Amino acid sequence: MNSIYKLKLRYDDQQETIVECTKTRMTIGRSSRNDIVLGDPFASRFHAEIRFEKEEALLVDNGSANGSFLNGEIISEPVVLKPGNIIRIGKTEIKCIIEKPSGIEVPAVHLTGVLNELLPEGTITTSIGRHSPYEILSQIGSSRGDNSVAEQSHKTAEEIAVGETKFAVPIGESRDMLRIVSKVGIALLPHTSLEDTLRMVIDLVFDAIPAERGLLFLREGDELQCRIAIDSNHNPLESSSQVRISRSITKKVLDEHASILTSDAEHDPRFQGQESIILSQLRSVMAVPFVSGEATLGMIYVDNPFHSRFTEEDLDILTTIASVASIKIEHQKLLEAKIAKERIEQELKVASEIQTKLQPVTPPHLKGWDITGVSFPCREIGGDYYDFIPHKKDAGIIISLGDVTGKGIGAALLMSSVHAAIRTQSQLGITITQIMGEINQYIYDNTPTNKFVTLFFSILDTETGVLKYCNCGHNLPLLVRSSGDINRLKVGGTPIGIMPDFPYVEGEEIIEPGDVLLIYSDGVTESINSEGIEFGEERLIEVVQKNSTRSARGIFDRLDEALSRFVGTTPAVDDMTVVIIKRDYGLGNAKPPLTDGSY
């Protein structure tokens, strides 16, 4: 949600409370399990909900006893909520409030003109944006032949900061640059959020410089975003208003770290009949960068009408404020990025722990069978899945392995859904094709169109060795016979979640003593080395054939060694999951154990 949705609740004549909608689905009712709990006896336990879809908020009645009303009319189907709409549930009135994320309305800002157009005659440009505040003060003082800055350098910040809280001085009087630096620094000392810091900076600019409008921009990736836009009374500019800024000014400020003062642009003959620096009869513009080292964090832009043109001293002050503020802005951006990173890392850690617990703790120990399974996500959490489930109907065991499209949190969430669906459906006593049909329809109905799952699902009869299976678009499992021959398990259908009502087909194989079944995700065969060459199925088969006399775990260890040698230091590009099932030779026919310490 790009906008902030809030609900103002009032029950009868009681005091209002405000609830911010922080989830894509907010439930409302008397039950304590709701996101918004109502102490209203006329509300149902799960009365209604608000869903956020495609930047719209929808009010949905959940079949409540007394109905849900929007602006006095009962609703029978989902309706879109607008700012100021009144929802009534029982005796509770709920007003909808929609705000911008920053809480500040900003106007539309347009960059105009061509990149290399000349700036007006009389434009003042400095390159002091790269330097520290104290270097700037020294340069300003030197350029004026003014020793006042140097004379005050021995004073303490406390001595300089004593006095009025605002900088504004009568026109014509020289303004104390070192005092301004100190006041800006002291004002920005307290710990504040980035938004509060930006608001303080623009307020300090208006206190120091007689400007009509001021805009503060920050770079977000490759984009320049307007974060604050206010007038001389510190009120937000109307969102319906438009501000146009010359591309040449923007490029010079952001790319060259230049501070610019330009005046009377529309009277310059080179700009007559053209869109120049600014519209709306404005005649004077200043633009100054926020600079940290070689990086430009953003810029301050202020403008004025003709009768209040800016001076070179105004440019010095704005440059100084921006230079001091850059340190605070960079610090806050880094701090907030660090906090966000730590929060995400903690959430990923919890998600990883949950995902680990969903995987089998140990492989099943079945007489006559040797089974192992291993999964390695390429990130903190992955989209691969495997499971061993006892089959209640007979002496068999369910073996499944799946691969969700994508990586990260989204893939992990979908994997968890598949895990739960398989666990539930596989115990209902229905056929394999029916199980796949039910899971396919569930995933199709409840996930985005670009998400699907390749899945191999099988039921192994441990007494007869019969393996019934359905391959739903997954890599073909390899049944390596004791003779070295290869059977690929192809029968099944399309990946889960792509087509509704797909008619899946069941396949069958018999695993004989000495045979090895290898089920794997594409992260194994698609592992690449430094030359961009994939490990491939051929190498995978070769490893299994050479080591088929080893235990299931021993085969996996040899596969892991082969993969490690092949990829070298090349990082993994996908999750890797392997399940190996080997049928032991019968008693009296068992092959002798290996003596080299291997399995």
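A residue counts as buried when its relative accessible area is under 20%. By that criterion, 10 of the 11 residues of strand β19 (residues 295-305) are buried, so the strand is largely enclosed by the rest of the structure. The model described here is predicted.

**Strand β19 and its partner β14**

- Strands β14 and β19 pair in the antiparallel sense, over 6 bridges.
- Within this pairing, leucine 216 has isoleucine 300 of β19 as its bridge partner.
- Arginine 213 belongs to strand β14, which covers residues 213-220.
- Arginine 213 has a relative accessibility of 11%, and because buried means under 20%, the residue counts as buried.
- The side chain of arginine 213 forms a polar contact of 2.9 Å with the side chain of aspartate 303.

- Threonine 296 is located in strand β19 and, at 7% relative accessibility, counts as buried.
- Its side chain reaches the backbone oxygen of leucine 254 at 2.8 Å.
- The side chain of threonine 296 also makes a polar contact with the side chain of histidine 257, again listed at 2.8 Å.
- Leaving aside neighbours within four places in sequence, the residues in contact with threonine 296 are Arg219, Val253, Leu254, His257, Pro289 and Phe290.
- Helix α6 spans residues 247-256, and its buried residues include Val253 and Leu254, along with Ser248, Ile249 and Thr250.
- Histidine 257 follows α6 and has a positive phi, near 55°.

**Nonpolar cores**

- The largest nonpolar core comprises 32 residues, and Ile209 and Phe290 have the most contacts inside it.
- Two or more residues of this core come from each of the elements α5 (194-208), β14, β15 (223-231), β18 (282-292), β19 and α7 (312-358).
- A second, separate core has 23 residues, among them Val404, Ala421, Cys472 and Ile496.

**The open sheet of five strands**

- An open sheet of 5 strands is arranged in the order β20-β30-β29-β25-β26, with antiparallel pairing.
- Its edge strands, each pairing on one side only, are β20 (369-376) and β26 (486-488).
- On average, and with direction ignored, neighbouring strands of the sheet are turned by 15° against each other.
- Strand β25 (residues 478-480) is joined to β26 by antiparallel pairing over 3 bridges.
- Leucine 478 stands opposite arginine 488, a residue of β26.
- Helix α12 (residues 552-567) lies across β20, β29 (516-520) and β30 (576-583), and runs at about 35° to β20.

**The loop between β25 and β26**

- Serine 483 is a residue of the loop that lies between β25 and β26.
- With a relative accessible area of 55%, serine 483 is exposed.
- The side chains of serine 483 and aspartate 485 are joined by a polar contact of 3.3 Å.
- Serine 483 and aspartate 515 are 32 residues apart along the chain, and their C-alpha atoms are separated by 8.3 Å.

**Aromatic pairs**

- A search of the whole structure finds 4 aromatic pairs.
- In one of them, the rings of phenylalanine 456 and tyrosine 469 have centres 5.5 Å apart and planes at 25°, so the pair is stacked.
- This pair links distant parts of the chain, 13 residues apart: phenylalanine 456 lies in strand β23 (residues 453-460) and tyrosine 469 in strand β24 (residues 466-472).
- Phenylalanine 456 and tyrosine 469 are both buried.

**Loop residues with positive phi**

- Histidine 234 is not a glycine, yet its phi is positive, near 65°.
- Histidine 234 is placed in the loop between β15 and β16 (242-246), and its relative accessibility of 29% makes it partly exposed.
- Aspartate 501, likewise not a glycine, has a positive phi of about 55°.
- Aspartate 501 is found in the loop between β27 (492-493) and β28 (507-510), where, at 67% relative accessibility, it counts as exposed.

Methods: Residues numbered from 1 in each chain as written. Predicted model: local features only at pLDDT ≥ 70, side-chain atom pairs only at ≥ 80, totals over all residues. Heavy atoms only, no water. Pairing = 2+ DSSP bridges. Helix = DSSP H or I, 4+ residues; strand = E, 2+ residues; numbered from the N terminus. Axes fitted to C-alpha atoms, helices over the stretch in contact; angles between N-to-C directions. Contact = heavy atoms within 4.5 Å. Buried < 20%, exposed > 50% of the residue type's maximum accessible area, 1.4 Å probe, protein only. Polar contact = N/O pair within 3.5 Å; in protein donor to acceptor, adjacent residues only side chain to side chain. Phe/Tyr/Trp six-rings, centres within 6.5 Å; stacked < 30°, edge-to-face > 60°. Core = buried A, V, L, I, M, F, W, Y, C linked by side-chain atoms within 4.5 Å.
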